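Hello,

Here is the structure I said I would pass on. My notes on it follow below.

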Amino acid sequence: MLKPGDTLVLIALFAVILYFAVKNALPVKKEEASEEIRGDVPDLLRREGFEPVRAREKVPLRIEFDGEHYESRVFIDYVARRDGKWYVVVTERERKPLRKSGAGLRDFFLSYYSIFQPDGILYVNKETRTIKMVRFDFQGLEPESKKLPVGWIAVAAVCLGTVLVWILE
C-alpha cells in the first residue's frame, strides 16, 4: 500500500534522474576566447566559410610501450567549425612535405583523425591560399551499434515503476 508521500517521492526521484540523464546527454559548450583569432590562415578560413575557434593547440600524449612510459605531444595549428561540424586545421610546411599517395596521406593525417576525431581535416597552403579537405572512410568495418546511455535506461525504469505504482494503487 502507498502512503500519502510515496507518490511525491517517486515524482521527485524521477525528476532528479531525468535532470541528470538530460544534462549528461546534452553536448557541453566550452567557453570560447573573447579575442578574435587573427592571421593569414584564420582570414582564409573565414573567407571559405569556416570559423576559427582555437589557435595552436598542443596535446600532450603519454605512451606506454613494453612496460615503459614515454612522453610526446601532437600540435595542431587551428580548430575551426562550420555548419555545426568541427575541423582540425593543419598548415603545409616546407620542412614536412606531404606525399600524395594513399600511404603518405594516411601516415600524415591519420594521427590527427585518431586523436581528435573531427568531421574533417583542413590542409591549408598559405602560399597558394588554398584549403584541401581530408576525410577518412573506413571501408569494411561495421559501425558499432549505438548503445542506449545508462541514464536513459534509469529514466525509463523509473517511469515504468511510477506507472506501475499508480496502476496498482
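**What was found**

A search of the whole structure finds 11 salt bridges, a salt bridge being a side-chain nitrogen of Lys or Arg within 4 Å of a carboxyl oxygen of Asp or Glu.

Please read this as a predicted model, in which local features need pLDDT of at least 70, side-chain atom pairs count only at pLDDT 80 or more, and totals for chains, interfaces and linings use all residues. Residues are numbered from 1 along each chain as its sequence is written, and side-chain values use heavy atoms, with hydrogens and water left out.

Among the salt bridges, one joins the side chains of Glu-48 and Arg-47 (3.3 Å, N to O). Glu-48 has 37% relative accessibility, so it counts as partly exposed; the scale runs from buried (under 20% relative accessible area) through partly exposed to exposed (over 50%), with a 1.4 Å probe and protein chains only.

Asp-107 takes part in a salt bridge with Arg-99 (3.6 Å, N to O). Asp-107 also forms one with Arg-106, where the closest N and O atoms are 2.9 Å apart. Asp-107 has a relative accessible area of 46% and is therefore partly exposed. Arg-106 is partly exposed too, at 41%.

Next, helix 3, residues 102–116. Helices (H or I, at least four residues) and strands (E, at least two) are DSSP runs, numbered from the N terminus. How far should the 15 residues of helix 3 span at 1.5 Å a residue? The expected span is 1.5 Å times one less than the number of residues, so helix 3 should span 21 Å, and its end C-alpha atoms, 20 Å apart, agree with that.

Helix 3 has a kink of about 45° centred on Phe-109; the bend at a residue is the angle between axes fitted to the seven residues ending there and the seven starting there. Phe-109 is also one of the buried residues of helix 3, along with Gly-104, Phe-108, Tyr-112 and Phe-116. These buried residues pack against strand 1 (51–65), strand 2 (68–82), strand 3 (85–91), strand 4 (120–125) and strand 5 (130–134), contact meaning heavy atoms within 4.5 Å. After helix 3 comes Gln-117, with a positive phi near 45°.

Last, strand 1 and strand 2 pair in the antiparallel sense over 13 bridges, where pairing needs at least two DSSP bridges. Val-59 has Val-74 in strand 2 as its bridge partner. The two strands form a hairpin with two residues between them, and Asp-66 in the turn has a positive phi of about 55°.

Regards
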